Amino acid sequence: MGKFIVIDGQHGAGKSYIIDRLYDELTLKRYSVVRTKEPTDSEIGVLARNAENYYAEKTLTCLFAADRQQHCQQIQKWLYNDKIVISDRYIISGLILQNMDNVDFDYIRAVNCGIIIPDLSVVISASPSVIRERLKNKVSTRLAKQEQAEGYDRYLKYRDVIEGMFENVSFHINNTLTDGENIVKYIMEQL
């Protein structure tokens with residue numbers, strides 16, 4: 001059976017860079033690796049990503065959960081074929097971002113029941129100034145625009161939700177909260 005690794009964090013926190021480095025490191029060591037992301041590029045994932053400005057928060061939560069359920073079917077196939085699956089975002093992002101949109105944790109968990117639990121899930125962060133600089137030329141989604149505009153306040157709210165979630169939500173995932181330094185080395189050590 002393969003391994004399922006998730007890298008979660010805010011837009012601009014450095015997820016793509018870490019995933020690129022991790023992918024390179026694993027393939028260099030001759031592992032069979034698959035990169036994936038959420039929302040996916042499936043019809044449901046595209047609908048969810050493009051619906052952010054049009055649907056109520058709970059409706060969006062259900063769309064993202066439907067995409068995740070479909071995604072899990074593909075992840076299960078990869079894992080069965082001994083692949084290491086690296087996902088850019090997964091349930092932690094859903095819990096954090098949808099809760100920031102005032103959707104209750106219990107509701108989010110309920111619509112995501114039965115998903116695959118990652119072998120390792122890492123949440124990364126960066127300072128508001130770093131995020132703002134990285135997003136300067138990438139502002140395309142409602143969330144990215146909101147994160148750039150709200151800057152430090154959005155950063156603090158994101159961190160508060162993360163810290164509160166790890167204290168109060170019994171979602172059984174092995175999580176490590178880190179600032180992103182040495183994360184590739186850390187993940188390699190966990191394998």
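A nonpolar patch here is made of residues with over 30% relative accessible area and no salt bridge, their nonpolar side chains joined within 5 Å. The exercises below concern a predicted model.

**Exercise 1.** Find which residues form a nonpolar patch on the surface, and state their accessible area together.

Solution. The residues are Leu47, Tyr54 and Tyr55. Together they have about 370 Å² of accessible area.

**Exercise 2.** Locate Tyr54 and decide whether Tyr54 counts as buried or exposed.

Solution. Start with the position: Tyr54 is found in the loop between α2 (43–50) and α3. Next take the cut-off, which for exposed is over 50% relative accessible area. Tyr54 has 66% relative accessibility, so it counts as exposed.

**Exercise 3.** Describe the largest nonpolar core: its residues and the elements that supply them.

Solution. This core has 19 residues, and those touching the most other members are Phe4, Ile75, Leu79, Tyr90, Leu95 and Ile116. At least two residues each come from β1 (3–9), α3 (57–80), α4 (91–100) and α5 (105–111). Helix α4 gives the largest share, six residues. Now take Ile116: leaving out residues up to four places away in sequence, Ile116 touches Phe4, Cys72, Ile75, Gln76, Leu79 and Tyr90. Another core, of 17 residues, lies apart from this one and includes Ala13, Leu22, Val33 and Ile86.

Terms used
Residues are numbered from 1 along each chain as its sequence is written. This is a predicted model: local features need pLDDT of at least 70, side-chain atom pairs count only at pLDDT 80 or more; totals for chains, interfaces and linings use all residues. Side-chain values use heavy atoms; hydrogens and water are left out. A nonpolar core is a set of buried Ala, Val, Leu, Ile, Met, Phe, Trp, Tyr and Cys residues joined through side-chain atoms within 4.5 Å. Buried means under 20% relative accessible area, exposed over 50%, partly exposed in between (1.4 Å probe, protein chains only). Helices (H or I, at least four residues) and strands (E, at least two) are DSSP runs, numbered from the N terminus. Contact means heavy atoms within 4.5 Å. Patches are made of residues with over 30% relative accessible area and no salt bridge: like charges are joined within 9 Å, nonpolar side chains (Val, Leu, Ile, Met, Phe, Trp, Tyr) within 5 Å. Accessible areas come from the Shrake-Rupley method with a 1.4 Å probe; for residues, only the protein chains shown count as cover. A salt bridge is a side-chain nitrogen of Lys or Arg within 4 Å of a carboxyl oxygen of Asp or Glu.
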